[in-house]
Amino acid sequence: MDLMDHRVLHKEHRHPGPALYIKIAVVLFVLTALEVLAYEMARRQDLPGVFVRSVAALLVPILVMLSAIKFTLVAGFYMHLKQDAKIYTGIFVFPLIIAVALTFALILLFGVTQLMAPRP
């Protein structure tokens, strides 16, 4: 077997067919619709119910969670990270983990600073 043979250089991956991409697109559409629904429920305070008020209170975490799910689907399937070698996924995900940890650390730092600041 020649070292330049494509079977040696590349492991063959079976890429998903159009049906899976359509299913993922539908899921992304539903998640986007849920984001818009959550925003509209939080914006319209005249709607009755405890559920509407709780959505308004938790709007940012709901939107962040739905966005993270959508990002994972897009990166995993449309960017083909699901079919690539795990090292590429690690190279892609590791800086994201650091960025998220740094963001939460800064939020906590400034949140604690605001709580400890003297009130006028």
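Two salt bridges turn up in this predicted model, where a salt bridge means a side-chain nitrogen of Lys or Arg within 4 Å of a carboxyl oxygen of Asp or Glu. Some bookkeeping: residues are numbered from 1 along each chain as its sequence is written. As this is a predicted model, local features need pLDDT of at least 70, side-chain atom pairs count only at pLDDT 80 or more, and totals for chains, interfaces and linings use all residues, while side-chain values use heavy atoms, with hydrogens and water left out.

**Charged pairs**

| Salt bridge | N to O distance |
|---|---|
| Lys70 and Glu35 | 3.0 Å |
| Arg43 and Glu40 | 2.8 Å |

Take Lys70 and Glu35, joined by a salt bridge. Lys70 sits in helix α4 (residues 59-78) and Glu35 in helix α2 (residues 18-43), so the pair ties together parts that are 35 residues apart in sequence. Helices here are DSSP runs (H or I, at least four residues), numbered from the N terminus. Lys70 counts as buried at 18% relative accessibility, and Glu35 is buried too, at 12%; the cut-offs are under 20% relative accessible area for buried, over 50% for exposed, and partly exposed in between, with a 1.4 Å probe and protein chains only.

Arg43 and Glu40, by contrast, both belong to helix α2, three residues apart, or about one turn of the helix. Glu40 has 30% relative accessibility, so Glu40 counts as partly exposed.

**How α2 and α4 pack**

The axes of α2 and α4 lie 10 Å apart, at an angle of about 165°. (Axes are lines fitted to C-alpha atoms, for helices over the stretch in contact, and angles run from 0 to 180 degrees between N-to-C directions.) That makes α2 and α4 roughly antiparallel, a label for angles over 145 degrees; under 35 is roughly parallel, 65 to 115 roughly perpendicular, and the rest oblique. By class, the contact of α2 with α4 has 20 nonpolar, two polar and two charged residues. Nonpolar covers Ala, Val, Leu, Ile, Met, Phe, Trp, Tyr, Cys and Pro; charged covers Asp, Glu, Lys and Arg; the others, Gly among them, are polar.

**The aromatic pair**

What about rings? The structure has one aromatic pair. The ring centres of Phe71 and Phe92 are 6.0 Å apart and the planes are at 15°, so the pair is stacked. Rings of Phe, Tyr and Trp (its six-membered ring) pair if their centres lie within 6.5 Å, with planes under 30 degrees apart stacked, over 60 edge-to-face and the rest tilted. Phe71 in helix α4 and Phe92 in helix α5 (residues 86-116) are 21 residues apart, so the pair links distant parts of the chain. Phe71 is partly exposed at 41% relative accessibility, and Phe92 is partly exposed at 27%.

Conventions: Helices (H or I, at least four residues) and strands (E, at least two) are DSSP runs, numbered from the N terminus.
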